[in-house]
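Welcome! Please take a moment with the sequence and the 3D view, and then let us walk through them together.

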There are 2 protein chains.
Amino acid sequence: MAVNLAPPENLLPVPGVRLGVAEAAIKRQGRKDLLLIELAAGSRVVGVFTRNAFCAAPVLLCRERADKDIRGLLINAGNANAATGRGGLEDARITTAAAAQSLGGDDDSVLPFSTGVIGTRLPVGRMLSAIDAAAANLRADGWQDAARAIMTTDTVPKGSSRQLQLSCGATATITGIAKGVGMICPDMATLLAFVGTDARLTPVAVRRCLSDAVAVSFNSITVDGDTSTNDSCVLFASARSGAGDIDPDHVDYPAVAAAVTAVCLDLAQAMVRDGEGATKFIRIEVGGARDVAEARQVGYSIAHSPLVKTALFAGDANWGRIVMAIGKSGVAGLDPVGVSVALDDVTLIERGEPHPDYREERGAAVVARAEFAIRVNLGRGPAAATLWTCDLSYDYVKINAEYRT
Amino acid sequence: MAVNLAPPENLLPVPGVRLGVAEAAIKRQGRKDLLLIELAAGSRVVGVFTRNAFCAAPVLLCRERADKDIRGLLINAGNANAATGRGGLEDARITTAAAAQSLGGDDDSVLPFSTGVIGTRLPVGRMLSAIDAAAANLRADGWQDAARAIMTTDTVPKGSSRQLQLSCGATATITGIAKGVGMICPDMATLLAFVGTDARLTPVAVRRCLSDAVAVSFNSITVDGDTSTNDSCVLFASARSGAGDIDPDHVDYPAVAAAVTAVCLDLAQAMVRDGEGATKFIRIEVGGARDVAEARQVGYSIAHSPLVKTALFAGDANWGRIVMAIGKSGVAGLDPVGVSVALDDVTLIERGEPHPDYREERGAAVVARAEFAIRVNLGRGPAAATLWTCDLSYDYVKINAEYRT
């Protein structure tokens, strides 16, 4: 039961991008679990990937193909193709070569992405048939079906679109889809997110656009603090919109970058709203830090604390646990006397002392909400950061205890 | 329901140490929740304390009194006296001064220790009456009652004793008690642990003895990765046993130190066995590391992963999650190709490749046990470390969602 999250209703086609789904029966039968995305010739594609040392075979292959002309993306749900050794790498090569052939490109012109169970080989035979079926069904308006095909334990498909007018009068569209609700604490990007635009972003612009957007979206959320072996986020610019190339110093760049960031933020927040077992959507704002890294360190210490998360699940304004989490964050020389803490607009601690007006029922009223903010001021500098997380419920344990059964 | 843990049956008196308990009705009525420990004049006392920046008032006071002659310890359960500001510090001063008076010592000769809810002031009036009652009931054989008095969400009291013969023929006794089952990821010592001996350890010996013992016991366990505001571990040597002073180079030092370590390890493991909601007791052995810090980093990454912990609760040998946790540990330059992983004697991964003989049912047979080991070899050095942890169950969520209600 996701927190205030409905399926996307209006995902806009992106000129130069077509999508097709098919059933490969990878984990179970009866659902379309394979997605093929075709990119027009000349598309500019960049990705950011997990920093997990045990990264999956598809991530290794994506890195290997970083400088190739990319014509398509092949995504499967139900099997992560991670910890599968040399065999897993070979499986990814075979399936992407087949996809490339169906799109008329070179063998290494398709990037692979996998999500699901770790340590099991892909069903290559069934995937090859499904690739043919997906290639035969490529559609410009396939984003909705695509968002559904990449789900694993997600309960709601995740997608977002933005459209903007460029200075020349032409329109640019940005549409993204993503999946991921557990093993979510991205260190580079999150599970799988695919964002496409027809804006004529130059290679340097598309790279900068993605890294700026990821920093404040996918790299600012956590569900359970576990970093997947497969995290991948890809931005592709088909360059089909009117007007000339958009470099970072182009007049249109800020607006395009802002729209890409908005789409990424929608997708990242959707992951948290649909976080495994989530009943609360919590914004953590940390200010008064010496630098952003320190603000994030404190924010993640709160967001990862199982004691904070279980208290919030219970609707218990147990601020002692928030204070504990700030204190254990490891920020050097942190002085409790400077620290203030509030839940939305209810102050709990002001400069190290319990606030005299605080009453238990005021805190309880805030945490009873489905969405609220934990606001911390460290009182030692000008930097701030915002993170998003969810609570830890019985259902998180249930979902993850029963995942493979 | 603790994992293979019975209440201690035979806690040996330590000459020079007497203990008294009483009811102060701190969190609720009907249980003895206050403990006074009297130490003979000339006792040598050292403590190690939490590194949480929001450390509690009693921890601040313990640090302030590090160089005083200590004649007693005052411990209460049900209220942590943490995040209570200047008022909380004053409460700790008042109650320890009263305890000191009842023991005939200076006002600052008693160390305070508190555990329980954070952010609430102590009931000083009720505690003062209870201190008198506890002082009137000091007994050399009070360890068993003492272990029970300091419990909070513990389901089983925790204690351990060792006795050894010194080279001169005299006997030395070591007895310890501890509490703590949640907010357990000690960074210096764990919640509350009190270990006493009559061995004539010199001040330097008692300090070294404690720090060596804590490193491989309390600082090598985790329940939930949350570091308390109140962690404190104290070793006191009453120096009442026969023979002369024992310095670190004394012939008896290794045996005394080993016995202190054995008592600390018993207590630390008891905390994990009684970890909130624990159904499994898991040893994590990491070898082949470049140094101990790196081995511990990988071990804690596994031990703190909610996905690993929920899979183990379910009895699911989901080794993909173990591999994920090793990969996300942040060890620089870790090469998966060197890594081997086993569950007890069942090899899952050998030097980066799935082991050909591994079958799901073999892993399942191991994790069905109440106690087993996750064994990792990083294949890049000679160093090793061992940690202990437990699983993450519905009951962990239940206990912590309902703690204050």
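## How the two chains are related

A word on the model: it is predicted, so local features need pLDDT of at least 70 and side-chain atom pairs count only at pLDDT 80 or more, while totals for chains, interfaces and linings use all residues. Residues are numbered from 1 along each chain as its sequence is written, and chains are lettered from A and ligands numbered from 1 in the order in which they are written.

## Where the chains meet

Contact here means that the C-beta atoms of two residues, placed from the backbone, lie within 7 Å. By that rule, 50 residues of chain A are in contact with 50 residues of chain B. Helices H8 (306-313), H9 and H11 (394-401) and strand S14 (353-354) of chain A each supply at least two residues of the side that touches chain B. The largest share, 7 residues, comes from H9(A). Helices (H or I, at least four residues) and strands (E, at least two) are DSSP runs, numbered from the N terminus.

By class, this side of chain A has 24 nonpolar, 18 polar and 8 charged residues. Ala, Val, Leu, Ile, Met, Phe, Trp, Tyr, Cys and Pro count as nonpolar, Asp, Glu, Lys and Arg as charged, and the others, Gly among them, as polar.

## Two helix pairs

One pair spans the two chains: the axes of H11(A) and H8(B) (residues 306-313) come within 8 Å and cross at roughly 70°. Axes are lines fitted to C-alpha atoms, for helices over the stretch in contact, and angles run from 0 to 180 degrees between N-to-C directions. H11(A) and H8(B) are therefore roughly perpendicular to each other. Angles under 35 degrees count as roughly parallel, over 145 as roughly antiparallel, 65 to 115 as roughly perpendicular and the rest as oblique. A:Val397, A:Asn400 and A:Ala401 of H11(A) make the contact with B:Leu307, B:Thr310, B:Ala311 and B:Phe313 of H8(B).

Another pair lies in chain A, where the axes of H7 (residues 292-304) and H9 (residues 319-327) come within 8 Å and cross at roughly 135°. H7(A) and H9(A) are therefore oblique to each other. In this pair, A:Val298, A:Ser301 and A:Ile302 of H7(A) meet A:Ile322, A:Ala325 and A:Ile326 of H9(A). That contact has 5 nonpolar, 1 polar and no charged residues.

## A sheet in chain B

Chain B holds an open sheet of 5 strands with mixed pairing, in the order S3-S10-S8-S7-S6. Two strands pair if DSSP finds at least two bridges between them. S3 (44-49) and S6 (158-165) of chain B stand at the edges with a single partner strand each, so one side of each is left without a neighbour in the sheet.

S6(B) and S7(B) (residues 171-179) run antiparallel and are joined by 8 bridges. Within this pair, B:Gln163 has B:Thr173 in S7(B) as its bridge partner. Helix H5 (residues 203-216) of chain B lies across S3 and S10 (232-237) of chain B, at about 30° to S3(B).
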